[in-house]
Amino acid sequence: MLPVQLHVIPTKPPEPPMPNGKIGVGTWATQSEYKDIKVTARDKVLYSSNSTEGTEDWQPGAGQWSWDQGTLRQESNDVNCRDTVGDTQWTDYVYTLKARKISGNEGFLIMFHVQDDDNWLWWNVGGWNNSRTVIQKTEYGASRELGKAQNVTVDTGRWYEIKIETKGRHIRCYLDDKLLSD
C-alpha cells in the first residue's frame, strides 16, 4: 500500500449573482391603476411610461390589462395578475410610480428584479386582505417573505406614491415618502 495524504483547502461558497431584472405591477383579487412609471439608474432614464413608446413593450400575464391616457389599468378580480416591462439586466435602479386601488380585497403588487414567470421580487402593499406589506421573493415558483412585515391598508380611490430603490442586495421601499421596507 502506498500512503495517501489528503489536504483540505478551505473554500468560500460562491457569492450568488447580484440581483437584477425588469419591473412590473400586479394585483391579487383586486382592480388597480398605475401611472407615472419611471426607472432610473444614476442620471439615466431606463424606462418612462410618459415617453412615446412607454406603453408598447409591456408583457401582460393573467388579468385584463389596458392603457388609457398614460394609466395602466388591471380590471379583473383574478389572483396573480402581472404585467412587466424592461430588461432582465437592469440593476441598481430607482423605480417610481403612482398606484391606486379601484376595488377588491387587497392593495397592489410592485414587481422588481423580474427575471421570468418563476423568478421575481415584489413589494406586496396591502396584501393579506389589505392588512400588511412586505417584500416577497419568488424563486423557481416558490415564494418567501424578506424582511419585516408592516401593518398597512390601502384606501380605495386614493393615489399612492411608491418608490423602490435597489442597490446590490439592498432594497428600500417607500410609500408616500415613508420608508416601510428596508
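This is a predicted model: local features need pLDDT of at least 70, side-chain atom pairs count only at pLDDT 80 or more; totals for chains, interfaces and linings use all residues.
How many bridges join strand S13 (residues 159-167) to S14, and in which sense do the two strands run?

1. Hairpins towards the end of the strand list. Strand S13 (residues 159-167) is joined to S14 by six bridges, and the two strands run antiparallel. Among the residues concerned, threonine 166 has isoleucine 171 in S14 as its bridge partner. S13 and S14 make a hairpin with two residues between them, and glycine 168, which lies in the turn, has a positive phi of about 60°. S14 also pairs with S15 in the antiparallel sense, over three bridges, and leucine 175 stands opposite lysine 178 in S15. These two strands likewise form a hairpin with two residues between them, where aspartate 176 in the turn has a positive phi of about 50°.

2. The open sheet. Seven strands, in the order S4-S7-S1-S9-S10-S11-S12, form an open sheet with antiparallel pairing. Strand S4 (59-60) and S12 stand at its edges and have a single partner strand each, so one side of each is left without a neighbour in the sheet. For S12, the pairing with S11 is antiparallel and consists of seven bridges, with arginine 132 taking asparagine 151 in S12 as its bridge partner.

3. The largest pocket. About 660 Å³ of space lies in the largest pocket, and of the 29 residues that line it, Pro19, His113, Leu121, Lys137 and Glu139 are the closest to its centre. By class, the lining holds 12 nonpolar, 10 polar and seven charged residues.

4. The second largest pocket. Here the volume is about 230 Å³, and the residues of the lining include Trp28, Trp120, Trp122 and Trp128, along with Glu106 and Gln136. S10 and S11 each supply at least two residues of the lining, and S10 gives the most, with three residues. The lining of this second largest pocket divides into five nonpolar, six polar and one charged.

5. Salt bridges. The count comes to nine salt bridges. In one of them the side chains of glutamate 33 and arginine 73 meet at 2.3 Å, N to O, and this pair links distant parts of the chain, with glutamate 33 in strand S2 (residues 30-41) and arginine 73 in strand S6 (residues 71-74), 40 residues apart. Both glutamate 33 and arginine 73 are buried. Arginine 73 also meets aspartate 68 in a salt bridge, at 3.8 Å, N to O; aspartate 68 is partly exposed, with a relative accessible area of 38%, whereas arginine 73 counts as buried because its relative accessibility of 18% falls under the 20% cut-off.

6. Glutamate 139 and lysine 137 meet through their side chains in a salt bridge of 3.8 Å, N to O. Glutamate 139 counts as partly exposed at 35% relative accessibility, and lysine 137 is partly exposed as well, with a relative accessible area of 23%. Elsewhere, salt bridges that share partners join Glu33, Asp68, Arg73 and Arg100 into one network.

7. Cysteines. The count comes to zero disulfides. Cysteine 81 is buried, with a relative accessible area of 0%, and cysteine 173 is buried, also with a relative accessible area of 0%.

Note on methods
Residues are numbered from 1 along each chain as its sequence is written. Side-chain values use heavy atoms; hydrogens and water are left out. On a 1 Å grid over the protein atoms alone, a cavity is a set of points where a 1.4 Å probe fits but cannot get out, and a pocket is an open set with protein on both sides within 12 Å along at least five of seven lines; lining residues have an atom within 4 Å of a point. Grid points are joined across faces, edges and corners, and a volume is the space filled by probe spheres set on the points. Ala, Val, Leu, Ile, Met, Phe, Trp, Tyr, Cys and Pro count as nonpolar, Asp, Glu, Lys and Arg as charged, and the others, Gly among them, as polar. Helices (H or I, at least four residues) and strands (E, at least two) are DSSP runs, numbered from the N terminus. A disulfide is a pair of cysteine sulfur atoms within 2.5 Å. Buried means under 20% relative accessible area, exposed over 50%, partly exposed in between (1.4 Å probe, protein chains only). Two strands pair if DSSP finds at least two bridges between them. A salt bridge is a side-chain nitrogen of Lys or Arg within 4 Å of a carboxyl oxygen of Asp or Glu.
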